[in-house]
Amino acid sequence: MPFTADPVLQLPALAGVAIGLGILARGMRGHIVGTRIADTATSTISAIAVGEVRVHGVVEPAELTLTSPLQSAPCVYYRARIRASREGDDTVFQEERSVGFRIRDASGSLRVFPRGAQWDVPDRFSDSSDWPAGLRLRSGPALAPANPSHEELVAQLLTVRPAGGLAGVPGSSGGSAPFAGGLLGASRGPRHYEESRLELGDEVTVLGRVLPFGDLEDPAGADVDEAIGGPLAALADPEIAADIAAARAAGLLEGSAEEAWGNAAIPGFGIGRPTRPPELDRAANPLPIATSDDRARFERTFDMAPGTLVIAASDEVPLIIAAGPPHQVVGRQEDRLVVGLLGALLAIASAVVLAASLSGMIVT
Amino acid sequence: MSPASLAAAFSIGLLLAVVFFFLFTTYNSVVALRLRIDKAWANIEVALQQRHDQLPNLVEAVKDVMTFERDVLERVTQLRAGWSRSQPVPAQAANSAATSAALRELFAVVERYPELRSQDNVLDLQNEIERLEGIIADRRELYNDQVYRHNTRIAQVPAVFLAGPFGWRPREFFDADETADERPDVALPTG
């Protein structure tokens, strides 16, 4: 049977099939996540046991907090995106980062190591205009100590930074932006801003594997996650890693931390208790060497007993961190399933239209 | 094959895929629920065993001073001896509830003995057993919540259609029966 070619109708119909199937797949994934959350009872943190658990509580800071890029809000997770238009996919800036935090319920708190987590956090900020109300671009570093000292707070207060800048955003009119010229300014028209984040004090549901801290393979690595953007995420890019290796081979980059930073690479040097003798001028006062206890403490990175239970991602039990109480999280996932089923209908309808067009029953 | 047949095959295939997806995820979720119940139960047993191991130490620490309170000590000892991990869930639940009640009574009696309250080892044991009692209560709640989710799931569509062929039956709650609150009739040894 000869097929009738009608690209005006057939191409959108094909796209409809593909989009419908994509929406259905997303809905099915949401259903699997929602079922997993709904089928796991909430554990009380004080009575928690090793294995897969669901906990529900509020977010508390651990050692560090993040500052969100678009609204400068202190948080433990953010996903921010700036696009040239609401509908388009022309992304100007995109970043997703998280740091370790604690979740607290009425009975106690539990440390969460978020690396590899699936985040389900709705947008808190979504606006399209030249300079929307509520846009307060981050002007300082993304990471900050959770409990800053008095001196650090005074230094923050006295630091003057150019307004409206966002480190890493091409064209943001900030001091540390690599490209000046005001891409975010009025001269280039409105942009679409989206930011979702998990702030301190927010209600959160966490589903993952509880294990003793001592069993965590890489605590420092598990504590910071830079899915998109940020220096650690860049290192995971094979092209960037190859460039770094080439720069090392060409002698443009030092081969190790010791070569690059000298004494500063010695653990404890910065606080005057180096773990091994530094190379100092003869006239300089020698520094006391850290005791074995201090050394162990510096090397541990986290001041946490090995038997302390923590929650982290594992190969067997993926870590899910979702904003809100469990019933809200399940509701969001079930909404995705309903949309996914509508996607299946879209795919079927598009397939019927495609078939009718191919057989010449519909002609544009 | 004509385009119309292809479209029909695609539509039917997609609908079947969605139906199989629901059956597949339902089967997997019920299996996961049953495993979660087993794990929750194993965690209760760990806590019960820990309390079981601490009870002789407590009785040993207080028995010389509490010469006139032998009935409560005897009850704790008998209940400890009456617990076994091989018992069915309701029997273990009844034993656990009775042990908790007996321990509450024992701690109330200990409060009347200043010489016991001044002993560090008695206080440590009391704190440890009270901690374990809290853990048992929390884990029992978790277990029952998990059983509730399982029993509800297998009674609902679509799992109810799979329950028969796969032999899924409702699980028992960790719930003491009516006799658990009754005071056990313990005969004091004479002499």
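**Close-up views of a predicted two-chain model**

**View 1. Leu132(B) is buried, with 22 C-beta neighbours inside 10 Å.** A residue is called buried if 20 or more other C-beta atoms lie within 10 Å of its own, exposed if 12 or fewer, and partly exposed in between, with C-beta atoms placed from the backbone. This is a predicted model, in which local features need pLDDT of at least 70 and side-chain atom pairs count only at pLDDT 80 or more, whereas totals for chains, interfaces and linings use all residues. Residues are numbered from 1 along each chain as its sequence is written, and chains are lettered from A and ligands numbered from 1 in the order in which they are written. Leu132(B) belongs to helix H5 of chain B, residues 120–155; helices (H or I, at least four residues) and strands (E, at least two) are DSSP runs numbered from the N terminus. Not counting residues up to four places away in sequence, Leu132(B) touches Ala47(B), Gln50(B), Arg51(B) and Gln54(B), where contact requires C-beta atoms, placed from the backbone, within 7 Å. Leu58(B) is 74 residues from Leu132(B) in sequence, and their C-alpha atoms are 13 Å apart.

**View 2. Chain A contacts chain B through 24 of its residues, which meet 25 residues of chain B.** On the side of chain A that touches chain B, helices H1 (7–38) and H8 (326–358) each supply at least two residues. H8(A) gives the most, with 8 residues. By class, this side of chain A has 15 nonpolar, 8 polar and 1 charged residues; Ala, Val, Leu, Ile, Met, Phe, Trp, Tyr, Cys and Pro count as nonpolar, Asp, Glu, Lys and Arg as charged, and the others, Gly among them, as polar.

**View 3. H8(A) packs with helix H1 of chain B (residues 3–62), their axes coming within 8 Å and crossing at roughly 170°.** Axes are lines fitted to C-alpha atoms, for helices over the stretch in contact, and angles run from 0 to 180 degrees between N-to-C directions. H8(A) is therefore roughly antiparallel to H1(B), a term for angles over 145 degrees. Among the residues in this contact are Ile348(A) and Leu358(A) of H8(A), and Phe10(B) and Ser11(B) of H1(B). The contact of H8(A) with H1(B) comprises 15 nonpolar, 1 polar and no charged residues.

**View 4. Strands E5 (residues 101–105) and E1 (residues 51–61) of chain A pair in the antiparallel sense over 4 bridges.** Strands pair if DSSP finds at least two bridges between them. Glu60(A) stands opposite Arg102(A). E5(A) also pairs with E6(A), residues 108–113, in the antiparallel sense over 5 bridges, and Phe101(A) has Val112(A) as its bridge partner. E5(A) and E6(A) form a hairpin with 2 residues between them.

Technical notes:
Contact = placed C-beta atoms within 7 Å. Parallel < 35°, antiparallel > 145°, perpendicular 65-115°, else oblique.
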